[in-house]
Amino acid sequence: MRLSARVDYALRAAVALAGYGERWVSAEQIAEDQGIPRKFLESILLQLRRGGIATSKRGSEGGHQLARPGDQISLADVIRAVDGPLVGVRGERPEQVPYSGTATALTNVWIALRVSERHILESVSLAAVANDDLPTSVTKLLEDPDAWVIRGA
């Protein structure tokens with residue numbers, strides 16, 4: 001799985017908003033806190049607003065905040081808001097990509113991958129990340145020493 005810079009920045013911005021709770025926070029503050037280029041962040045915040053993840057208010061008392069509590073927004077919600085479906089093959093949903101012959105079972109592999117990603121990304125909320133309180137199902141995966149081994153180039 002590869003996460004684009006846009007998705008990484010969106011997740012960091014959304015987790016930052018979760019950490020601020022119900023306070024309104026400026027894009028400038030988020031950019032500074034998370035080391036995100038300001039212009040890039042403004043584009044991301046627009047996508048988060050359009051995706052129902054964040055809201056904004058103009059004025060001296062304004063800024064940005066989550067549209068609903070951070071424990072009700074999953075990492076998957078944020079990724080979908082800025083990048084679309086979790087697993088795609090050449091820009092298509094896995095079940096829509098035709099394979100034939102010996103490659104036919106690849107569809108099943110991609111769908112299983114999507115299920116696995118959903119399990120993790122939908123079970124982790126922004127609040128869980130902001131509070132460093134990940135679900136047991138995720139922390140158990142981290143206990144496997146093999147999880148920390150880098151393979152390939």
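Trainee: Which residue takes a positive phi in the hairpin of β1 and β2?

Mentor: Gly59 does, with a phi near 105 degrees, and the hairpin has five residues between the strands. Please note that this is a predicted model, in which local features need pLDDT of at least 70, side-chain atom pairs count only at pLDDT 80 or more, and totals for chains, interfaces and linings use all residues. Residues are numbered from 1 along each chain as its sequence is written, and side-chain values use heavy atoms, with hydrogens and water left out.

Trainee: In what sense do β1 and β2 pair?

Mentor: Strand β1 (residues 54-57) and strand β2 (residues 63-66) are antiparallel, with four bridges. Two strands are said to pair if DSSP finds at least two bridges between them.

Trainee: And what stands opposite Lys57?

Mentor: Gly63 in β2 does.

Trainee: Stepping back, how many helices and strands does the protein have?

Mentor: There are seven helices and two strands, in the order α-α-α-β-β-α-α-α-α along the sequence. These elements are DSSP runs numbered from the N terminus: helices are H or I with at least four residues, and strands are E with at least two.

Trainee: Let us turn to Thr107. Where does Thr107 lie?

Mentor: Thr107 belongs to helix α5 (residues 106-123).

Trainee: Why does Thr107 count as buried?

Mentor: Thr107 counts as buried because its relative accessible area is 16%. Buried means under 20% relative accessible area, exposed means over 50%, and partly exposed is in between (1.4 Å probe, protein chains only).

Trainee: Which residues is Thr107 in contact with?

Mentor: Leaving aside neighbours within four places in sequence, Thr107 has contacts with Pro94, Glu95, Val97 and Tyr99. A contact here means heavy atoms within 4.5 Å.

Trainee: What about Ser125, buried or exposed?

Mentor: Ser125 is buried, at a relative accessible area of 13%. Its place is in the loop between α5 and α6 (126-130).

Trainee: And which residues does Ser125 touch?

Mentor: Not counting residues up to four places away in sequence, Ser125 touches Gly70, Asp71, Ile73 and Ser74.

Trainee: Over the protein, what share of residues counts as buried?

Mentor: The figure is 33% of the 153 residues. As for contacts with a separation of 6 or more, 55% involve residues 24 or more positions apart.

Trainee: Finally, what box do the C-alpha atoms fill?

Mentor: The box is roughly 60 × 35 × 30 Å, taken along the principal axes.
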